[in-house]
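Biologist: Please take me through this model, and give the rule behind each term as you use it.

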Amino acid sequence: MPSEKSVIALDGARKHFGAVRALDGVDFHVAPGECIGLVGHNGAGKSTLVNILNGGLSLDEGTIRISGEPVDAYSVSRARQAGVRCVFQELSLCPNLTIVENVRIAHRDLGRSAWRKNAETLIRDQLGKVFPGHTIRTSELVGNLSIAERQMVEIAIAFLEISNPVKLVILDEPTSSLDAVLANKMLAYVRQFVAEGGAVVFISHILDEVLEIADRIFVMKDGKAVVDSTASKFDVASLVQAMGSVVRENERRDTTTNAGEVAIALRNGSLQAHRGEIVGLAGLSGHGQTDALVRLYLENTGDWRSHRNNQVAFVAGDRSVDGVLPLWSILRNMSLTLLPDLTRRFFVDVARERELGKLWRERIAIRTDDMQNDILSLSGGNQQKVLFARALASPAPVVLMDDPMRGVDVGTKQDVYSMLREEAGKGRTFIWYSTEMDEVRQCDRVYVFSEGAIAAEFAGEDVTEENIIRASFKEAAA
Amino acid sequence: MNNVTLLFHKPWIWSFIAVLSAWVATIIFTGGLGGAGLAQAALTFAAFSVIVGIGQMFVITLGPGNIDLSIPATMTLSATLALKFMNTDGALVLPGLLIALGVGLAVGTANFGLIKLLKIPPIIATLSSSFLIQSTAIWSNRGLRIKPPEVLTDFTTSSVLGVPNVALLSFVLAVAAYFILMRSLFGRWVLAIGQNMRAARLAGVPVDGVRFSTYVLCGVLAAVAGFFLASFSGGAALNMGTEYLLTSIAVVVIGGSSVAGGNSNVPGIWGASLFLFLVVSMLNTFGVGAGVRLIMTGLIIIAVITLAGGRKSMK
């Protein structure tokens, strides 16, 4: 075994949460100069493994060795000392502080009086290295950044090297909010970092990306390692198979756009969708797609009475800000939108609510043994499924989706895609912002956003990657 | 056994344990005398705190920043206008009550109007509206104590089977509040807004309608409390509501509701209201001076909250 050289090595790692075996005897070794692609379904144990590696969780059983030395009391500070850094799936910057101040939180070794200046220079250089040509101002409040920019800053902070060397960077869904251009810049930087002897654990549900960047693939399923071998042996299909789901081709829908009835439109008329249509919002991330969706939602629902709020449903992408109610159970989170329909004479019909929860737990495979569990007990991808169920279970004829597939695994994505097609066939309308080209291509009609406005519109056969990319960059090139 | 453990996970259980301890400590000191009388007094005085506490609880549940400081002034104004209208005539009790309710409705509407239209934070909006309300009361009252009709005095000071009428009334209100908060659509919406207002709005909750109704509910409950308190204590006085400002907030917090919103409970309001009364009478029975009594009250409240809070985070 190459364990003597390992940056970090786990052996026989076990971690239980109640009855759930999140990690069930996993051996995980990371060598310097290696990029490991960590894949698996939602709830397969990836996040738990990451939290063990960064010291956030302690093992129930098993050993941790750093550079070959066994460590007893492994912790977050010990991990940082060992040069282990982590970019979390749930973005973890403080929104009320500036970028520079957030750098100070992550890095204590910036000096005493001159830290602000030091941090400013360091983060500007680092952002420039990872994302050449970015336009982020380092004195900006994090709360004013788009979700893509926040993710960029977080990645840059993780790679920032000040006094002790960065040996291992764990990237948990780093590209989920980035568009293709930014993602490629980041991948190039990761490649360079690995070539210089750094180690990276790369977690993503976008399998092309994993195969492109990783030297070794580590597949998890139900808390166990099912595959641990060189990446070159795999293609997307065999990887999906290894994860335990069947590959399905993304078949295009027959474009049955009945250009008659308009189901929903923005008040200024710039965007509209017909009954039974799947309309995509594309373009580089953070160019006004989310704003358009939110405006569309607020214009068509009421602040005062709920009687017309069942005409439109919203699936949040920025879960913690727009979607999840953190104190509630899974069931209550799921039922919120259609609650008026579950209410008889002022009171909620709890029996019907529970029945519905059971139905949707099976339909969309939410990984929990009890829908009464806290929503936060679910992994990120499973929380996203709950938000999906919230919208799809409601009777709303129009569903707005704000890049909702962040952190959702391939199997579920396929299920949701076919559910969308089926529902659209029945006359439901979907407006779908996505940063993934695969998803945009499934739409009947696509609006491409640039600089906060609609730059182009494509329908049917014209919805191609080439057209969309060209339209996204038209403004920038001009 | 299992049910007992479950009970100990309820955030409100600690206020009731505290109530029982204070009550037992007092009657041990008096040698078993006056236990029933003490319980009756506690029920009576707690009844008024419970009514205003429920209103404040709904408002606090709406989430960070939501609070109603206009409760004392609303109590005074509703009592003043209603009692003045009735002019000790027992036949006018019903219209008098309607006037009190109308005051509560108007105050709630005005409060939310300030918050929504002028975008003033609730703490400032309700503070400034309370000056306006109090001034109206002063103008109408002119410093006199306005007497209630005899029927009302009799009703508020008598009991059924040893339980004070006002306690029964406030018990009924508490049960209604429990079902509204825990079982109704409106209650769900209030709890959702308290956790994340933007997410609630994007899930279809009519946020403004719910917040408006909540502030109105709080105003109406304050008005009801003022109406019966004035009848109980022999008339409407300008300072009658003063102590209920802090009490209304304290009973919510001691009762185990989250100050950050989104997580509240009704039983705790009863526990905390009884407790606040019993602590003071316990210390009075022990014969401690006023200064020591205040310090002790503060320390005991801190102890109860720490105990309850510590339990919660252990879970």
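**The contact between the chains**

Modeller: Leaving aside residues up to four places away in sequence, R201(B) touches Y297(A), L298(A), T301(A), G302(A), D303(A), N309(A) and V207(B); contact means heavy atoms within 4.5 Å. The model is predicted, so local features need pLDDT of at least 70 and side-chain atom pairs pLDDT 80 or more, while totals for chains, interfaces and linings use all residues. Residues are numbered from 1 along each chain as written, chains are lettered from A and ligands numbered from 1 in written order, and side-chain values use heavy atoms, without hydrogens or water.

Biologist: Why is R201(B) called buried?

Modeller: Buried means under 20% relative accessible area, exposed over 50% and partly exposed in between, with a 1.4 Å probe and protein chains only. R201(B) has 8% relative accessibility, so it counts as buried. Its place is in helix α10 (residues 197-202) of chain B; helices (H or I, at least four residues) and strands (E, at least two) are DSSP runs numbered from the N terminus.

Biologist: How is the area buried between chain B and chain A counted?

Modeller: Buried area is the accessible area, with a 1.4 Å probe, that two parts lose on being put together, summed over both. Here that gives about 2700 Å², with carbon and sulfur atoms supplying 59%. On the chain B side, R188(B), R201(B) and L202(B) lose the most area to chain A, together 28% of what that side buries. The contact takes 29 residues from chain B and 33 residues from chain A.

Biologist: What makes two rings an aromatic pair, and how many such pairs are there over all chains?

Modeller: Rings of Phe, Tyr and Trp (its six-membered ring) pair if their centres lie within 6.5 Å; planes under 30 degrees apart are stacked, over 60 edge-to-face, and the rest tilted. The search of the whole structure finds 19 aromatic pairs. One of them is Y417(A) with W432(A), at 5.9 Å centre to centre and 45 degrees between the planes, a tilted pair. Y417(A) lies in helix α14 (residues 410-425) and W432(A) in strand β18 (residues 429-433), both of chain A, so the pair ties together parts that are 15 residues apart in sequence. Both Y417(A) and W432(A) are buried.

Biologist: Why is the pair F227(B) and F228(B) called edge-to-face?

Modeller: F227(B) and F228(B) have 85 degrees between their planes and 5.2 Å centre to centre, so the pair is edge-to-face. F227(B) is buried at 1% relative accessible area, and F228(B) is buried at 9%.

Biologist: How do you know that the charged end of R363(A) sits over the ring of W360(A)?

Modeller: The rule asks for NZ of Lys or CZ of Arg within 6 Å of the ring centre and within 35 degrees of the ring normal. The charged end of R363(A) is 4.5 Å from the centre of the W360(A) ring. The charged end of R104(A) also sits over a ring, that of W115(A), 5.7 Å from its centre.

Biologist: What makes β14 and β20 of chain A edge strands?

Modeller: Two strands pair if DSSP finds at least two bridges between them. Six strands of chain A form an open sheet of mixed pairing, in the order β14-β17-β18-β13-β19-β20. β14 (312-315) and β20 (453-459) each have a single partner strand, so one side of each is left without a neighbour in the sheet. Strand β13 (residues 278-283) of chain A and β18(A) pair in the parallel sense over four bridges.
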